[in-house]
Amino acid sequence: MTRSILQRLIQAVGVLLGVALLIFFMLRIVPGNPILTLMGEHADQATIDRMTAELGLDQPPLTQFIRYVAGAVRGDFGTSYTLGRPVSSLIGAAFGNTLKLAIMAALFAWIVGIVCGVIAAVKKNGIPDRIFMGLSLFGVSMPVFMVAMILQYVFAFYLHWLPISGGDNWKCYILPAIALGWNSAGSVSRLVRSTLIEILGEDYIDTARAKGRGRMGVIVLHALRNAMLPVVTMMAIQLSSLLSGAVITETIFSINGIGRLAVQAINGRDIPLLQGTALFSTFVVILGSLLADSLYGVLDPRTGKEA
Amino acid sequence: MKKVFGTITALALTASLLAGCGGASGNSTGSTAPAQGAAESTAAAAPAAVAAEDGLVRTAVLYDISTMDVAETSDNYLIPMNVFDRLFETRNVGGTAEVVKSLCEDYTVSEDGLTYDFTIKSGVVFSNGSELTASDVKYTFERLLRINHENTDIAREVVGGEALANGEADSLEGISVKDDTHLTVTLEKPNAGFLAELSSAAMGIVDAETMEKVSGFGKEPADTIGSGPYIVTEWVANDHYTLVYNDKYWGAEPSVKKLIVSIVPDANTQNLMFQNGELDLIDLQNLDSAIVQSSYAEAYKDQIVSTPKVGMTYLVLNNAHEYLKDVNVRKAIGMAINVDVLIDNLYSGNAVRENGIIPTGCWGHNDSLEGMKYDPAAAKELLAKSGYTDGQITFELALDSSANSTIQLVYESIRQSLNEIGIKAEVKSYDQSVWLDLRKSGEMDSFVARWGMDYNDPANIMATFFGGESQTKSRSINYPDTETMARVAAASSIVDDAERMTEYQNLEKKLIGEDAAWIPLYTELHQYCIGSRVASFTPQWAGFSDFYASDVVLK
């Protein structure tokens, strides 16, 4: 298991380098001059030329890339053109907010998704099943911005229960977390339901019942644990996706997170920030898939041994 | 199970380590300085949900600033305007823009318009207690030139400015400091708009003594010291920044003691926050015009204040384009666009039609210019006169994809208007950096853009667009008349105001009336809505959105 994780970590370094190379050269292939975007309407040609030289953008691309990688190895990802601050500190600060949002969204999605999925499976074709599956379809198909706006209007604007946006208070994260986790909750509940229904029909479930296990015991200890294998994979991928930034949710609720930073980088053609956020997101996704693999191995020891 | 716990713990630790990186470098992403003269602000507190308190005004912007230093930015002037003083300020006096003395106690100008003797107010101190002297004024000019990034154009007008900017001199020859309160500025050539230029946000006076000691000017609130009515106490990147009253300020004490500016990138969220009482002042230009009409025009009609956002929205037609080089085609295009309908339908009447180059609200604006009257039939006749048939003229209307939805509708409306007179214009959207690059190359066929005035002088727009070959090419105008452009460049040196205004008016008649060098469209009215805690607000005279916090009066 440890060896497997080490192998994956070594692979991850290669992936990160590849992604860095790809992003770096793609940003230089696309037409347009980032300095013009940075300096704005009022800058003259002399200023543009000076800034181009000062930012090293007049150097050959290979020289720029080598400098970038050398800096990145030392933790220096450059300075954001648009925010004028070190990219590493911007990502560090933003990740703290994204982490809070992602954890709350994931907890919401998983708790609601698993509970609804289990109830729907146990009451298959019953009224709770129809209600929860209807809701999950709603969750899967509703765009995040729509959920976010509805939550904002109802719970913040009309009822005044929660803040409309921003802030450091945990209350400020409730609505964004629900908006962000809504879609994931729908997916989790549907997957839990279908997997659980299949497992509840297995012979070993009948055996457990015949041994006198209570209904809840059979569902939780025997059926749900096995049903969790694909669900855990999905949850880990969801978590890594949430951690790599939620563009729409962070923008609507004014949360200074990784997603918003990435959008800002794209809009401002902010090359260092764009490279930094893209690399960071790749790192988080790799970490998420490692987590999924590790949990998979624990839940199904056969997988761990094979690995 | 232990393995699961172990894995989760490891990942959580990694995550917290990464998050810790941000915390450890908090000074670079959001730093605070001790507040003076007002309550200490709470770092990273929920700015959007800050409760109303005495003297506090809460507002929001869509984007964060990149720096507080005007030597590094020609945008984002809210902090420079409020934290620094200039020798002069352009203030909205009874609805008219006037250049008024600020740090300048008195001044005289030589007859040739080249030499200015300034007397600086005595007794003015920066917020750290350091005295403001004439040497600080000289240092401010020199600093802009030594950094040589942004806002160097005004300082370059001083004798020796170019040499200092190019590293060929150690100091600015054209400024001599006589004593703590007197200095003389000598210009390379006369500039009647020099005092107006000194009132631009870029010319805020910095403290030479402090600047030698600090390293974070423009980035760190504690290092960004000015003599203005406010001190910046906090800037949390991408979240909010806070200004508090400077109790060492020499001028009248403002009603607003604390200003919190939240970065709220979603316009609808700003709208909800204002209506929920979480903002005291909202810039309605941040919102979609449909929201303004549906939610504000009636419900808040007594709380809306507006002023011309001094600047010009114009249509450029590349004078070197195969078809657009024909003046009859350019005039026909001008006559095919119903600007009044654009203003009524897309801006709900909240814009002023423009007929020249100098916009409404700027010194030298000519109200009597007739402009191009909407007349599609006459436009078609003009095209026929030049021998063009229906559909023969084609060109591209290049749209910056970051333009707001209203501007996108302006493009569509222009396309339809041109279609009606038989001109096929194709709206093509470009990524902003590509759009800027294409425009700068001089090869963009046509586009709509807006120029916001930096200071109250016609040279700021006339010379920028028509002051010479490089200026007209870099904006894809490619106006060919070098003689007229030389007159535009020379006009700023005319010392006599009446003579200069006459020259600008003649130039407008030539550039627009005769040559249709560009098609003037409109000046938007800049609308703000004030909340129930605000008694009054006088929007700043300028082509940009930033304002003086002291112009807000609380109930």
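1. Let's start with a pair of helices: helix 5 and helix 8 of chain A cross in a right-handed way (right-handed meaning that the near helix is turned clockwise from the far one by less than a right angle, left-handed if anticlockwise). Helices here are DSSP runs of H or I with at least four residues, strands are E runs of at least two, and both are numbered from the N terminus. By class, the contact of helix 5 with helix 8 of chain A has 24 nonpolar, 5 polar and 1 charged residues. Nonpolar covers Ala, Val, Leu, Ile, Met, Phe, Trp, Tyr, Cys and Pro, charged covers Asp, Glu, Lys and Arg, and the others, Gly among them, are polar.

2. A word on what you're looking at: this is a predicted model, where local features need pLDDT of at least 70 and side-chain atom pairs count only at pLDDT 80 or more, while totals for chains, interfaces and linings use all residues. Residues are numbered from 1 along each chain as its sequence is written, and chains are lettered from A and ligands numbered from 1 in the order in which they are written.

3. Back to that pair. Helix 5 spans residues 87-122 of chain A and helix 8 spans residues 174-200; their axes come within 6 Å and cross at roughly 35°. The axes are lines fitted to C-alpha atoms, for helices over the stretch in contact, and angles run from 0 to 180 degrees between N-to-C directions.

4. Now zoom out to chain A, which has 14 helices and 0 strands. Its C-alpha trace spans about 85 × 55 × 30 Å along the principal axes. Of its 307 residues, 44% are buried (buried means 20 or more other C-beta atoms within 10 Å of the residue's own, exposed means 12 or fewer, partly exposed is in between, and C-beta atoms are placed from the backbone). Take the contacts in chain A between residues at least 6 apart in sequence: 72% of them join residues at least 24 apart. Two residues are in contact if their C-beta atoms, placed from the backbone, lie within 7 Å.

5. Over to chain B and helix 14 (residues 405-420). Its 16 residues should span 22 Å at 1.5 Å a residue, and the end C-alpha atoms are 23 Å apart, which agrees. (The expected span is 1.5 Å times one less than the number of residues.)

6. Which residues of helix 14 of chain B are buried? They are Val410(B), Tyr411(B), Ile414(B), Ser417(B) and Leu418(B). These cover an arc of only 130° around the axis, which puts them on the same side of helix 14 of chain B; the arc is that of the directions from the helix axis to the C-beta atoms. An α-helix has 3.6 residues a turn, so residues three or four places apart point the same way. On the other side of helix 14 of chain B, Ser405(B), Gln416(B) and Glu420(B) are exposed. After helix 14 of chain B comes Gly422(B), with a positive phi near 90°.

7. Have a look at Trp250(B), in the loop between strand 10 (240-245) and strand 11 (258-263) of chain B. Trp250(B) counts as partly exposed because it has 17 C-beta neighbours inside 10 Å. Neighbours within four places in sequence aside, Trp250(B) is in contact with Lys121(B), Gly123(B) and Val124(B).

8. Ser348(B) is not a glycine, yet its phi is positive, about 50°; with 14 C-beta neighbours inside 10 Å, Ser348(B) counts as partly exposed. Ala516(B), also a residue other than glycine, has a positive phi near 45°. Is Ala516(B) buried or exposed? With 23 C-beta neighbours inside 10 Å, Ala516(B) counts as buried.
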